[in-house]
Amino acid sequence: MDEHLDTRADLAYGSLARLVRAAAARYGPREAVVEGRGRITYAELGDRVARAAAACVAAGVAPGDRVAVWAPNTRDWIVSALGAVTAGAVLVPVNTRFKGAEAADILRRTRARLLFVTGTFLGTSYVASLRRAAGRGDGPGPLPGLPHLQRVVVLADDAPADFTTWRDFLAEGAAVPAGTVRARADALGPGDPSDIIFTSGTTGHPKGAVITHGQTLRAYDVWSALAGLEEGDRYLIVNPFFHTFGYKAGVIACLLRGATMVPQPVFSARTALANIAAERISVLPGPPTLHQQLLDHPDRDRHDLSALRLVVTGAAVVPLELVERLRGELKVATVLTAYGLSEATGVVTMCRRGDPPEVIAGTAGRAIPDTEVRVVDAAGRPRPTGTPGEVQVRGYHVMTGYYEDPAATDRALTPDGWLRTGDIGVLDAAGNLRITDRLKDMFIVGGFNAYPAEIEQLLTRHPDVTEAAVIGIPDPRLGEVGKAYAVRRPGSRLTPDALIAWSRRQMANYKVPREVAFVPALPRNASGKVVKGLLREGGWGGSGGGGE
């Protein structure tokens with residue numbers, strides 16, 4: 001299928017801002033975003049993004065300033081994010097599962113000047129959560145603990161006195177000439193940073209991968225071509241916008257191809273089935289657990305899913321049975337798997353249309369065009385075909401570096417441009433990549449990357465926990481969940497359920513361990529490192545367990 005890749009979106013558009021403008025002109029009357037009963041065309045989307053960009057200019061956002069969005073998948077997320085980028089800002093998507101302190105840390109480190117935040121989501125007031133985390137300090141803005149944050153815009157009809165409603169914010173841009181906004185957009189080039197996507201590594205400290213306009217445009221032009229995304233497709237975007245799978249393989253891909261976006265803020269199999277039927281959804285990327293839940297839902301046969309033709313999955317082991325059921329039971333014509341990471345603009349390898357089911361289920365496909373993938377040993381020497389080693393990637397889409405973290409950047413990138421992924425994989429004779437393990441011990445909870453080192457650091461903040469080690473264990477619903485082995489302070493009567501309950505208040509839900517075992521000490525090797533192999537084997541004695 002690579003013969004169809006005869007365009008370079010980075011050369012055609014140059015920036016995401018000009019892509020939005022071109023999409024509005026090319027696909028004008030076609031539906032762009034469907035949200036409940038609200039429907040806007042591509043022409044209307046272009047107008048709304050321009051208004052949001054004008055408001056950003058009026059608010060004092062300068063080219064290169066960081067603008068954050070902390071909100072679920074909605075039309076307003078799309079408009080505010082693209083508006084900020086059109087004004088020349090660097091977008092900082094914030095994980096909606098973060099607690100206030102976690103979000104504040106990202107805002108503080110990026111020195112975000114403007115924040116778009118949802119009102120209440122999943123029963124939580126994000127405004128109140130953020131105020132608790134950053135309401136104290138000596139800063140001049142609405143949140144004294146975040147001195148660089150000058151404005152907070154609530155994507156709702158009401159907001160606290162020191163914040164701004166979405167409607168009032170947009171109104172402020174009315175005085176900004178259209179030519180000013182267009183000049184901002186036209187000043188952007190392919191090499192300018194478009195966003196900072198935060199991830200985490202073995203240190204447990206989130207790191208922001210800086211990605212450019214050109215990298216995003218080129219990578220998702222390729223992604224769209226390999227997947228077979230077409231004008232007129234209707235795309236249910238369940239993958240969160242704060243991640244490349246939702247924002248770039250979703251919003252940006254749709255802009256490139258003229259597909260209709262149907263954002264779904266929270267995954268529910270029942271809601272997804274209703275959306276697929278009502279909106280004649282043809283494209284549904286997502287982690288394997290999402291598709292498994294749709295297939296197994298008792299109400300599945302009550303919905304007309306016949307329009308569904310394209311599924312792209314990955315981020316976890318894909319059972320062959322899942323591929324066969326999608327093709328056989330739902331008659332999905334194209335099922336593809338892929339592998340990527342934020343540091344490589346979210347895409348590294350993809351299966352091709354026409355690949356047999358065993359390749360789609362057993363591998364993450366081959367390197368995308370103009371990308372090199374190799375497997376190396378600990379010394380960086382290439383490993384033979386069929387032999388496991390660390391996966392490394394080199395190409396146009398590898399990040400420019402971690403935001404203001406040269407030491408971490410030097411650890412991640414070799415002098416000759418290879419990205420050390422930290423994943424263990426095997427390449428077959430055809431170049432298909434199979435991920436077999438993770439150097440970073442990362443595990444995936446319902447499609448969300450969970451990093452043990454980060455969770456361990458959070459657990460040891462509990463006054464009765466002196467040490468902790470976290471591993472991923474199988475879960476029938478989420479694929480994997482965390483299990484914590486913890487050492488209590490002498491005399492402590494802390495129970496597993498109490499530690500789990502405390503964790504729910506301190507960290508995003510997908511990070512919360514579902515099981516806790518208290519042990520007298522953690523197993524360590526001669527150098528003092530925890531031997532997690534013993535924990536995974538279940539041979540390390542604990543004194544309790546807990547669940548949801």
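Reply: In this predicted model, strand 1 (residues 31-35) and strand 2 (residues 38-41) pair in the antiparallel sense, joined by 4 bridges. Within this pairing V34 has R39 of strand 2 as its bridge partner. The hairpin leaves 2 residues between its strands, and here G36 takes a positive phi near 65°.

Two or more lining residues come from each of helix 2 (16-26), helix 3 (42-58) and helix 8 (178-186). Of the contributions to the lining, that of helix 3 is the most, with 7 residues.

How far is helix 4 enclosed by the rest of the structure? It is largely enclosed, because 11 of its 12 residues are buried, where buried means under 20% relative accessible area. The buried residues of helix 4 include R75 and W77, as well as S80 and T86, and among the others are I78, V79, L82 and V85. After helix 4 comes G88, with a positive phi near 95°.

A related description can be given for helix 5 (residues 100-110), where the buried residues are G100, E102, A103, A104, I106, L107 and T110. Just after this helix, R111 also takes a positive phi, of about 55°. As background to that value, most residues other than glycine have a negative phi. L122 is another residue other than glycine with a positive phi, in this case near 55°, and its place is in the loop between strand 6 (120-121) and strand 7 (124-125). Is L122 buried or exposed? L122 has a relative accessible area of 57%, and because exposed means over 50%, this residue counts as exposed.

The aromatic contacts can be taken next. A search of the whole structure finds 11 aromatic pairs. One of these is formed by W70 and Y126, whose ring centres lie 4.4 Å apart and whose planes stand at 45°, so the pair is tilted; the reason is that planes under 30 degrees apart would count as stacked and planes over 60 as edge-to-face. The pair links distant parts of the chain, since W70 belongs to strand 3 (residues 66-70) and Y126 to helix 6 (residues 126-134), 56 residues apart. W70 has a relative accessible area of 1% and is therefore buried, and Y126, with a relative accessible area of 5%, is buried too.

F116 and F169 form an aromatic pair with another geometry, being edge-to-face at 5.4 Å centre to centre with 80° between the planes. This pair also links distant parts of the chain, with F116 in strand 5 (residues 114-117) and F169 in helix 7 (residues 166-172), 53 residues apart. Both F116 and F169 are buried. To return to W70 and Y126, ring pairs link these two residues and F121 into a cluster.

An aromatic ring can also have a charged side chain over its face, and R131 lies over the face of F163 in this way, at 4.9 Å from the ring centre.

The last stop in this part of the chain is strand 10 (residues 193-199), which is largely enclosed by the rest of the structure because 6 of its 7 residues are buried. Strand 10 pairs with strand 11 (residues 207-212) in the antiparallel sense, over 6 bridges, and within this pairing I196 stands opposite V210 of strand 11.

Note on methods: Residues numbered from 1 in each chain as written. Predicted model: local features only at pLDDT ≥ 70, side-chain atom pairs only at ≥ 80, totals over all residues. Heavy atoms only, no water. Phe/Tyr/Trp six-rings, centres within 6.5 Å; stacked < 30°, edge-to-face > 60°. Buried < 20%, exposed > 50% of the residue type's maximum accessible area, 1.4 Å probe, protein only. Lys NZ or Arg CZ within 6 Å of the ring centre and 35° of its normal. Pairing = 2+ DSSP bridges.
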